Amino acid sequence: MGLSSTLGVHLFFLGLCGICAGFLQENCTNYKLQFERVFSVPGDVAMLNSTLISPDVFDFASVPHNITWYNSKTGEEMSNQSGQIWVFGETLWFLNVTLDDDGEYVTVVRTPSRCYMQATKLVVELPLPGECGRPQKAYQTLTKGASDTLHCPLSDYINKLDSYKISSSIQWYRGCDPVVDGTGEYIYRDANKLAISGVGSQNNCLYTCTLTFTFGGIVRSVSETIDAAVTDVHSLAPQVREPANDVIKAPMGSNFSKRCLVFVPGVGQPMVDVFWFARGDFIFSTLPSDRVYTSEQRMWSQDDPIQGTWIERMLMISELKEEDFNINYTCQVHSSRGFREGYFTLLQTDPNIILPIGLVLGGVMVLFIISIIVYYIFKVDIVLWFRKAFPVLYTNKDLDGKLYDAYVAYPQPYDFGFSNEVETFALHTLPQVLEQACDYKLFIAGRDCLPGQATVDSIEENIQASRRLLLLYTASTFIRKRHTCSTSSNNNNVSKSGDISDESEREISETSGSMTCDCSDKSSPDTWQQFECMAAMHRALLEGSLKVVLVELEEISPAQLALFPESVRHLRKKQGAVCWWKDLRTRQRWRTCMSRREDEEQGGKDSQWSPSLSPSSKFWKEMRYQMPVRGKRVVYPEKTALLSL
């Protein structure tokens, strides 16, 4: 017995060597023994499939070739045997496996110029006593408490039979008992799946799937057994939370990072791989020295509200270039539960117009504020320059029927509050600058009145013929009149008050027939000044037909101002006053800075263009600002009247 066995082994190796020697003489490329074995039991069908017919070996679609199967034991070529063996291209079928079929089978593929060979191992085993399944088992897991699926390992058989147009069917067994489709927790799905709902400990057993088909008029079958293990550790299909198929903008040259965030519901650590994909290739580099790289895969678990595992992988670009924009970056997730992906499109950031607009608006605002401040400080100078530069924008006042640019009212001799300084200012200083230097025409009471003319008539006529009224006053001008001041003429009393009222107007009308314009009349003190003030205030405050310019010749204290007529105080508060005393104070400070020699040469007197008499000094600029504008634009009343029809 031992001698016979040894002789058989030697004969096997001699035959195999002879086959190999023949192949070597043909210079065949040897792909050796396939790693995967084919397991079977006596009576089943076994299919051996060669992997030489592959584009990785040669271009089988265009290169002519033939395939030959050999039995490595005998060295004989395998051929069709009715009911036993069927050779069809790269597939060798054993239709009724026996123990003698156990062994290696060699595939030789020949082309006009090349030869390829490969061995495939068939292992034939006897069934285990007391078991309905097969000795070799496939291991699959079921998730406890969930709905899960078993996959029959005979998918290659099913696909091959489908290519032959041979119908087949699957029957599942739990242990030795057949599983009926649609009963209990079991449902047949597709061609090779068994769905189990509500997996429990009872499903921790052996399942067998048997494939049945008809070949050559005979029913054939092949079976595989699955050892199902129920476990609490499970993972469902992964969910890509980021990126969410959105568009991201980033500036050129900046560094950029984006994470791929994946959530896998389940218990335990899932077997999931996360990759970044761009420009048709995976990004595998994790080195920061590379411009484009990814981080290592980071995982952490959560229990609430849904138990599962978070997986994160960062995509990082140290410096964005033009080539990085306008393409999709895809995060791909691979797991046994399926394939998922999410992507984002990287675009270049739009030009930042907010900053330039902000700077422009800020600059305009600053310029506006500066302009307001400059205009507030230099308002008088700006207006005077504008009037001089663009006189055509202003109406020619010579056509308005007025004779005077301003009516000058001041305390007359023998009036309360009269002073020589005020008279000198009214009769000499004011005309010297406004009339001689600035070419204005003034009516000055005490200089231009006609002898014998009634006071009321003179005042009314000349005020109405003037465009402005210059009211000169000091601290004592209105104080006495605040209490009582009356003038007697033809036994008619004239009551004086700072307020413009109907009673004052009646009293003025009563005295209009008896007052005469006599600048040296000592018997009627304050009458001229009283009526001038009342008439001016009436036109300024009630009629609005005359602009009154208050000329304050000395500084007024709050206590003194409180004794002024209410109309004067109201007008002073509303439009202010042109203060001569401020110019005097400035001139005194200026003179202290002059050298003593210059002061002696002037003899203590101001020259014609000294700061007090120069039209460019601040006081006279304010006076010119209050005076009428000398425009050149001509307005014809006739045309205006016609246009208004």
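Biologist: At what angle do helix 4 and helix 13 pack?
Modeller: About 55 degrees, with the axes 10 Å apart. Keep in mind that this is a predicted model. Helix 4 covers residues 379–389 and helix 13 covers residues 618–626.

Biologist: Are helix 4 and helix 13 parallel or oblique to each other?
Modeller: Oblique. Angles of 65 to 115 degrees count as roughly perpendicular and those under 35 as roughly parallel. Helix 4 and helix 13 pack at about 55 degrees, and they are therefore oblique.

Biologist: Is the crossing of helix 4 and helix 13 left-handed or right-handed?
Modeller: Left-handed.

Biologist: Which residues make the contact?
Modeller: From helix 4, Lys379, Val380, Asp381, Val383, Leu384 and Arg387. From helix 13, Lys621, Glu622, Arg624 and Tyr625.

Biologist: Switching to charges. How many salt bridges does the structure hold?
Modeller: It holds 18. One of them joins the side chains of arginine 134 and aspartate 44, at 3.2 Å from N to O.

Biologist: Where do arginine 134 and aspartate 44 lie?
Modeller: Both are in loops. Arginine 134 is between strand 8 (115–124) and strand 9 (137–143). Aspartate 44 is between strand 2 (38–40) and strand 3 (46–49). So the pair ties together parts that are 90 residues apart in sequence.

Biologist: In which sense do strand 19 and strand 27 pair?
Modeller: Parallel, over five bridges. Strand 27 spans residues 338–348. Lysine 249 stands opposite leucine 347 of strand 27.

Biologist: Last topic. What do strand 13 and strand 14 form?
Modeller: A hairpin, with three residues between the strands. Aspartate 190 in the turn has a positive phi of about 55 degrees. Strand 13 (residues 186–189) and strand 14 run antiparallel, joined by four bridges. Tyrosine 188 has leucine 194 of strand 14 as its bridge partner.

Biologist: And how many bridges join strand 10 to strand 14?
Modeller: Four, and those strands run antiparallel. Strand 10 is residues 148–151 and strand 14 is residues 193–196. Threonine 149 stands opposite alanine 195 in strand 14.

Technical notes. Residues are numbered from 1 along each chain as its sequence is written. This is a predicted model: local features need pLDDT of at least 70, side-chain atom pairs count only at pLDDT 80 or more; totals for chains, interfaces and linings use all residues. Side-chain values use heavy atoms; hydrogens and water are left out. Two strands pair if DSSP finds at least two bridges between them. Helices (H or I, at least four residues) and strands (E, at least two) are DSSP runs, numbered from the N terminus. Axes are lines fitted to C-alpha atoms, for helices over the stretch in contact, and angles run from 0 to 180 degrees between N-to-C directions. Angles under 35 degrees count as roughly parallel, over 145 as roughly antiparallel, 65 to 115 as roughly perpendicular and the rest as oblique. A crossing is left-handed if the near helix is turned anticlockwise from the far one by less than a right angle, and right-handed if clockwise. Contact means heavy atoms within 4.5 Å. A salt bridge is a side-chain nitrogen of Lys or Arg within 4 Å of a carboxyl oxygen of Asp or Glu.
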